[in-house]
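Colleague: I have a model open and would like to go through it with you. Can we take it piece by piece?

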Amino acid sequence: MCGIIGYCGKKLAAPILFEALKCLEYRGYDSAGMATLYDGQLLVEKDAGKIDEVNQKHNLEALPGNMAIGHTRWATHGGATQANAHPHMDCHSRLAVVHNGIIENYQTLRHELIKRGHHFNSETDTEVIPHLLEEEMQNGCALEQAVLTVAPKLKESYAFLALSLDDPGKIVGTRKNNPLLAGIDGDNNYVSSDALAFSKHTRRLITLGHTEVVVLSSDRVEFLDAEGNKLVKQAIELDESWADNGKNGYPTFMLKEIMEEPEVINKTVQQDERKFTEMALDILRARQVIIAACGTSRYAALVGRYLFSKIGRKFCDVVMASEFSYFADSVDKNTLVIAVSQSGETADVVEGAKTAKAAGAEIMSIVNRPNSTLADLSHQVICLKCGPEVSVAATKAFISQLAIFYLLSFSMVNSFSKAANQLGDMCSRVSKTLNCNNGRLYELSHQLKDRSDFYYIARGINFAIASEGALKLKEISYIHAEGMPAGELKHGTLALIEQGTPVVVICPADYTYDETLNNAIEAKSRGAYIIAVSDRESEIYDYWIKIPRVDEIIYPMVAVIPLQLLAYHMAISRGCDPDKPRNLAKSVTVK
Ligand code: M6R
């Protein structure tokens, strides 16, 4: 779960890479580094820490040269230390490699290399790559030939870039099970794990297929298949929203992305009605429908499940993607799997979709990244169109995912336009919810910031919102939080309620209101401090977060917004960085 970037062109490479690495930091931020080729030398700087910290220490930005590779790391093999930071080099420091993925057979390869006299400087799996390349280069191979020979020896997931003093003037990269894209711009070419890293410079990109190789030089980009045959590949143009990857004046990406939500709904509903109607028919026809997703995407799927049932009268199951393979026995050609993932790179979701596809299932994916691994392997792809989401905490993508589930469910009853219009009308209410609550939730966060446990309860379609609210809080403010169906509280968790324990009750004035309120009263009589998210007042609330009155099935969309804001303000008031929570990364590309 790292980010890699390479640049070859007429400009100074280091400042471009430095900016690119900051865009990739969401993929990991425990160490960073760069390697450039300049004046017959291979210059490498790297260290533990976030990119700005490493830059302050080693002046990454000032490295000379027009060609460089860079890396931002989320540690898997070996701790966050300078030695384990990328780039990694061969024994003679003549070539450097940056890598995203896990080389599962690295121990065997490492033992063999040590027996053949190689010296290792790190505990990483990655370091076997430069040593293997070194052996090929010593045989007089061109760098691309060395990469073509070494790549098949590596199991199971990699996207890596290499540059070498012995074959200068090019960067060579390849991938398997991890993304790699080339950005094409005449005399300035890029290659990265994510187009976001170069979308400021070019939106023309080409995605590498599995085991394909890219050879990047300043004036051309060539592609080879695994046998070394030249490939002709077409570039695609990214939507212009991908060029906007700054904070636009907001202090954090998370706040920016929350504030974009009204506009995001408008963008998301711009979908092809005919395509949605056909996909809805596929869902209705499938003998079994399974939605696979992780984290926030899974909570969106749980809302989707209610919508499918309520509107389309179609029962489906939602499976945590990390558990999906344990259900694979019952997947067959009559199964439709809907894989939901903002990034389209989450390893558990990608693996689940692959397993299901191999068993004959139809794969429909809902992604924000049309060039992602998941989109690539799916039979049908729905794009969220919400633009880049940089903050590790998912917010606007969740709103988009909900909008897609509304569109799909209404399409099941031939009412796509009705849903699109209804959602369009929601933009102003979502705006109002944001504006009315932002300041108040800031104040509430200061009142509650030292509480150690929060419980979130709701029923029916709103239950997933309770879970999502709890996930947001724990992920960015490091406070223990649990979300659960309100009716479950008295089956155990009620024992944890003490005087003042915050219980967030999502109780809009819908079919769940009365029963949820009863559960809130049960908690309150044990001392809970009741924070209600509702459009209906009640004297039992200790604190009332007002949401607008909307159609019953639309409540999840307005109820989640104050919970995102609450988590955000709690994180800020506790001095936590909501964009880069500890131990986490945006794209979880390892299982
Ligand atoms: O890219 P994905 O939607 O597949 O990511 C899934 C989860 O890793 C993600 O939603 C995670 O739970 C978020 N950080 C939550 O805010």
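Colleague: How many residues does helix α17 have, and how far does the helix reach from its first C-alpha to its last?

Modeller: This is a predicted model, in which local features need pLDDT of at least 70 and side-chain atom pairs count only at pLDDT 80 or more, while totals for chains, interfaces and linings use all residues. Residues are numbered from 1 along each chain as its sequence is written, and side-chain values use heavy atoms, with hydrogens and water left out. Helix α17 (residues 555-573) has 19 residues and reaches 28 Å, close to the 27 Å expected at 1.5 Å a residue, where the expected span is 1.5 Å times one less than the number of residues. Helices here are DSSP runs of H or I with at least four residues, and strands are runs of E with at least two, numbered from the N terminus.

Colleague: Is α17 mostly covered or open?

Modeller: Mostly covered, since 18 of its 19 residues are buried, buried being under 20% relative accessible area, exposed over 50% and partly exposed in between, with a 1.4 Å probe and protein chains only. After α17 comes Gly575, whose phi is positive, near 75°.

Colleague: Which residues touch the most other members of the largest nonpolar core?

Modeller: Ile338 and Tyr456 do, in a core of 95 residues, and α17 gives the most to this core, with 13 residues. A nonpolar core is a set of buried Ala, Val, Leu, Ile, Met, Phe, Trp, Tyr and Cys residues joined through side-chain atoms within 4.5 Å. Not counting residues up to four places away in sequence, Ile338 touches, among others, Val289, Phe308 and Met364, contact meaning heavy atoms within 4.5 Å. Apart from this core lies another, of 29 residues, including Leu17 and Trp242.

Colleague: Changing topic, what is the strand order in the open sheet of eight?

Modeller: The order is β3-β2-β4-β1-β10-β9-β11-β15, with antiparallel pairing, and two strands pair if DSSP finds at least two bridges between them.

Colleague: Why is one side of β3 and of β15 left without a neighbour in the sheet?

Modeller: Because β3 (41-48) and β15 (236-237) stand at the edges, each with a single partner strand. Helix α1 (residues 13-24) packs on the sheet, touching β1, β2, β4 and β10.

Colleague: And how do β16 and β17 run?

Modeller: Strands β16 (residues 288-293) and β17 (residues 317-320) run parallel and are joined by four bridges, with Ile290 standing opposite Asp317.

Technical notes:
Axes fitted to C-alpha atoms, helices over the stretch in contact; angles between N-to-C directions.
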